[in-house]
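Reader: I would like to learn how to read helices, ring contacts and nonpolar cores from a set of coordinates. Could you take me through them one at a time?

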Amino acid sequence: MPVTSAKVYLLDYGAGNVRSLVNAVKHSSGIDLIPISSEADFATADIVVFPGVGAFGQAIDGLRAKGFPFFGICVGLQSLFASSTESPGVTGLGVIPYTITKFSSDSKVVPHMGWNGTVVANSAHASAADLIDPAASYYFVHSFAAIWDDANADVLNKVTLSATRYGDQVFVAAFHPEKSGLAGLQLIRKYLSTATAVAPLPATSTSFLASLPSTSSSSSSTSVTAISDKLTKRIIACLDIRANDAGALVVTKGHGYDVRENPTTAHEIAFLNITSFRSVPVADLPMLDLLRRASQSIFVPLTIGGGIRDIVEPSGRVVSALDVVAEYFRAGADKVSIGSDAVYAAEQVWAGKVNGQWPAKAGKTAIEQIARVYGAQAVVVSVDPRRVYVADPSLTTHHTIRTAKAGPNGEQYCWYECTVKGGREARDLDVVQLVTACEYLGAGEVLLNCMDTDGSKSGFDLELTAMVKQAVKIPVVASSGAGHVKHFEEVFEATNADAALAAGIFHRKEVPLPSVKTYLSEVGVPTRLV
């Protein structure tokens, strides 16, 4: 795609996944983003883009350090407001006299994570009517928002072009177009075309272009009370990766599988390095190159797992988990998955619990540090539990369930023992203890694997998934055991899991990923088809 004459500058304040935004702009318009290096660049720029990744306080601090104005996405939009309860004491830019607040978790999980619909709340704004496709789903990932408040409706009415409902709350839509597939790329292209002529998208996108609403639509506003919640269930394609004896990365299930074959099929993609417990120099992490290459052509969220911990390099230099994460985000990751280190952190939390009260947060765990800088939505806890059967709950101090799958000696009860190092080592910690402690520390999502069903194709462990869903109020991803399209329906209907992940059946094309989404749509499970 040819480069156009538009001068679009990137204001990089030290956020997370800037690479995805750069790649999305390049892919959709042919424009190369130019990093801003001085205030004089603003006089030259046609458009200035402020990346939408990070926590409110971190964004404001980075912005003020630069001393620049901006046009923002997601947290960039939030920075225009007076303040945010995410970062008490930090004053926003105050352009909009309103406070960003956290979603309530009374009837929904927080963060709001996944593909949701949005509507033009005021079609008098022709630009919004032209940009937003009411039939499309866009990717949202945030815990805080400009939530609609009838007492201050006049303030939001003046600034709201599009709005979205999540559960019982309506908010000013602030999604990630760079992670919203074709719909997001189209929005970026059309926005950039307001400043200069932009090269058209390939002919394969003409059907989408035809579906965009006309700018001549009615100028009446949409009542926010009429907006429906269109959040869909997510299907995640996972690549379990390991380092071979030569140090190269190989996929453990499905030799030759290329996730880029149809990058818009999956709602998200996860790269999990199951041999990452080995100490390696950060500068040589093979996953960094993998992410850089993947983010060039994949415009859905990317999660990276493995090696998220403090690392001591062979030279003796200590690299903090936060610095490791920064490298991953810079390479193209949107979320990071923490495994063994989360177990160790949870053990410390439970050791400090007194009279049912959690100990004060020290801010030293990887979960706390990453959540503080990048937001809770950037932190995924990867759990690898396995069943331990007992004849009676009184025989253990751990959280047990009465199971429909009796143990080898007819036991009717079991608890789920957590493991570390890719399942190689068991710990005296159960799954409920782990996820509740990690939620307390600031994790934003649980990736729930199951050692007992992994690779079995017998279906997800519904009992395990239901237990964890009841224990936390953050999104839960069911994993391990899928072998048929009906297994995805079962886990969503029986447990209300927020997402379902599979690896081998997708890699080997035993169950084509598009067939899962088509089937779910046919049986009434909300999902994003395109």
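Author: Let us begin with helix length, where the expected span of a helix is 1.5 Å times one less than its number of residues. Please keep in mind throughout that this is a predicted model.

Reader: What span should the twelve residues of helix 11 have, and how far apart are its end C-alpha atoms?

Author: Helix 11 covers residues 340–351 and should span 16 Å, while its end C-alpha atoms lie 17 Å apart, which agrees.

Reader: Which residues of helix 11 are buried, and where do they fall when seen down the axis?

Author: A residue counts as buried when its relative accessible area is under 20%. In helix 11 the buried residues are Ala342, Val343, Ala345, Ala346 and Val349, and because they fall within an arc of 165° as seen down the axis, they line one face of the helix. The face turned away from that buried side carries Gln348 and Ala351, which are exposed.

Reader: How many aromatic pairs does a search of the whole structure find?

Author: The search finds twelve. To classify such a pair one looks at the angle between the ring planes, since planes over 60 degrees apart count as edge-to-face and those under 30 as stacked, with the rest called tilted. The rings of Phe140 and Phe171 have centres 5.8 Å apart and planes at 90°, so this pair is edge-to-face. Phe140 belongs to strand 8 (residues 138–142) and Phe171 to strand 11 (residues 169–172), so their pairing ties together parts that are 31 residues apart in sequence.

Reader: What is the geometry of the pair formed by Phe329 and Tyr374?

Author: Their ring centres are 4.5 Å apart and the planes stand at 55°, so the pair is tilted. Phe329 lies in helix 10 (residues 321–331) and Tyr374 in helix 12 (residues 366–374), so the contact ties together parts 45 residues apart in sequence. The relative accessible area is 1% for Phe329, which is buried, and 6% for Tyr374, which is buried.

Reader: Which residues touch the most other members of the largest nonpolar core, and where does this core lie?

Author: Among its 88 residues, Phe271, Tyr328, Ile370, Val431 and Phe488 touch the most other members. Domain 1 (8–231) and domain 2 (233–523) both give residues to this core, so it lies between them. Another core, of 17 residues, lies apart from it and includes Ile132, Ala136, Ile147 and Leu187.

Key: Residues are numbered from 1 along each chain as its sequence is written. This is a predicted model: local features need pLDDT of at least 70, side-chain atom pairs count only at pLDDT 80 or more; totals for chains, interfaces and linings use all residues. Side-chain values use heavy atoms; hydrogens and water are left out. Rings of Phe, Tyr and Trp (its six-membered ring) pair if their centres lie within 6.5 Å; planes under 30 degrees apart count as stacked, over 60 as edge-to-face and the rest as tilted. Helices (H or I, at least four residues) and strands (E, at least two) are DSSP runs, numbered from the N terminus. Buried means under 20% relative accessible area, exposed over 50%, partly exposed in between (1.4 Å probe, protein chains only). A nonpolar core is a set of buried Ala, Val, Leu, Ile, Met, Phe, Trp, Tyr and Cys residues joined through side-chain atoms within 4.5 Å. Domain bounds come from an automatic or database domain assignment. The arc is that of the directions from the helix axis to the C-beta atoms.
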